[in-house]
Amino acid sequence: MPETALLIVAAGRGHRAGGNGPKQYVKLAGKTVLAHTISAFIDLPHVSKIITVIHRDDEALYREAARAFGDRLLPPVFGGDTRQQSVLHGLRALAPLRPGFVLIHDAARPFVDSTLIARVVDGLARHEAVLPAISVTDTIKRVKDELVEETVDRANLYAAQTPQGFAFPLIQELHERAAKEKDVQFTDDVSLAEWAGVRVQRVEGRANNFKLTTPRDMEMAELILAASQQMETRTGSGFDVHPFEAGDAVTLCGITIPFDQKLKGHSDADVAIHALTDALYGALGEGDIGHHFPPSDAQWKGADSSVFLTHATELVAQRGGKIINIDLTIICEKPKISPHQPEMRQKLSQIMKIDAHRISIKATTTEGLGFAGRGEGIAAQAVATISVPLEDDHV
Ligand code: CTP
Ligand code: MG
């Protein structure tokens, strides 16, 4: 079979989906809708060239979403005001590569799977245009001004999906021809084939391959992914020590405790948050605080350590993960920690955006032994347990 290219249209604004920002860049289970869509095609042997049509305002969003695919994608091209124009721009960019066939797919259909794609590609062996579609199951009414006019016989009704497959020269010619005609605007590409009288073969679509259109579709997508996403549990540990120096208060777990000394350090020396942040980085396999916030960098001098914990928390979220619980032990003779525990839990709960019942803060002395026992400083150790999507190497 000649080379089959893939054209993904992702230049829409997603007005009907609500939300802030186009739906193709919304993250589902830690990955953008567009990245889910590309993933469905990227390893298929019969799809070689992949191009995405994007909106000119979305360059940065696209770069981020496509980064994981490296140079396996062609450079994106900018779309137009309508889907049809966006497809035309993509076809023109593909034309010099002379693909034999092209699959045209909505970025907003992330649940397309290899079985459906194979049906379309197989169809192209015998037909110039192939449509995946599913039969309509509801009883369909024609309604005007909220009055029912008639029941439409659904026996021959199908809902069109993508990817729609075409012989490349045919669909390019149809799009170029349609662009010259006024009032020829269609919401899919098979409509152009119909308009030109080209025979189109239907193959079976897939109910899950719905187009994310409304806020409810976005919720459904979350549910589908949550149900199919296998998670793994990971733990990390962190340990930190800061010495005392002359001062009048210490900062622990983001709160200020009046004391006759302070903790010495580059930032606010919040030893508890440092141990906790390192525990989260540890669970993610993401190095440590020094790696993300080098002490050599003057901007972290005197910094509020909640910035570090917020960063680690965001990394968990970016992986599509959740913090399950953290267990923190503060080791010192003085100041006395227990009166401050409720406020500390509250503060950490705010920073990590998890319920306080998932946060344990304990304190211990070392019975006068060692540096902590001699009152030379404070140590903290933390264990963090997180849940993240199972990585491919475990599947
Ligand atoms: N699309 C496009 N260029 C446009 C309009 C739409 O590339 N000018 C793409 C969308 O990004 C989407 C697909 O065509 O992947 C199907 O369109 P639709 O579901 O209508 O998406 P939007 O136009 O983004 O949404 P809305 O109509 O609600 O604004
Ligand atoms: Mg639209």
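The chain has a radius of gyration of 28 Å, whereas a compact globule of 395 residues would have one near 21 Å. This is a predicted model, and the values that follow are computed from it. Along its principal axes, the C-alpha trace spans about 90 × 50 × 40 Å. The secondary structure comes to twelve helices and 19 strands.

Turn now to ligand 1. The space it takes is the second largest pocket.

Next come the polar contacts, where pairs of N or O atoms count if they lie within 3.5 Å. An N or O atom in the Ser86 side chain is 2.7 Å from a nitrogen atom of ligand 1. Lys23 also contributes through its side chain: one of its polar atoms lies 3.0 Å from an oxygen atom of the ligand. Ala108 takes part through its backbone instead. There, an N or O atom lies 3.4 Å from an oxygen atom of ligand 1. How much of the ligand does the protein bury? Taken alone, ligand 1 exposes 550 Å², and the protein buries 88% of that.

One joins Thr162 and Pro163, with omega about 10°. Where does Pro163 lie? Its place is the loop between strand E10 (158-160) and strand E11 (164-167). Another cis peptide bond joins Lys334 and Pro335, and here omega is about -5°. Pro335 sits in the loop that runs between strand E17 (322-331) and helix H11 (341-352).

The last stop is Ala29. Its phi is near 50°, a positive value in a residue other than glycine. Ala29 is found in a loop as well, between strand E2 (27-28) and strand E3 (31-32).

Conventions. Residues are numbered from 1 along each chain as its sequence is written. Chains are lettered from A and ligands numbered from 1 in the order in which they are written. This is a predicted model: local features need pLDDT of at least 70, side-chain atom pairs count only at pLDDT 80 or more; totals for chains, interfaces and linings use all residues. Side-chain values use heavy atoms; hydrogens and water are left out. A polar contact is a pair of N or O atoms within 3.5 Å; within protein, one must be able to donate a hydrogen and the other to accept it, and residues adjacent in sequence count only if both atoms are side-chain atoms. Accessible areas come from the Shrake-Rupley method with a 1.4 Å probe; for residues, only the protein chains shown count as cover. On a 1 Å grid over the protein atoms alone, a cavity is a set of points where a 1.4 Å probe fits but cannot get out, and a pocket is an open set with protein on both sides within 12 Å along at least five of seven lines; lining residues have an atom within 4 Å of a point. A molecule sits in a cavity or pocket if more than half of its atoms lie within 2 Å of its grid points. Helices (H or I, at least four residues) and strands (E, at least two) are DSSP runs, numbered from the N terminus. The radius of gyration is taken over C-alpha atoms; the globule rule is 2.2 Å times the number of residues to the power 0.38.
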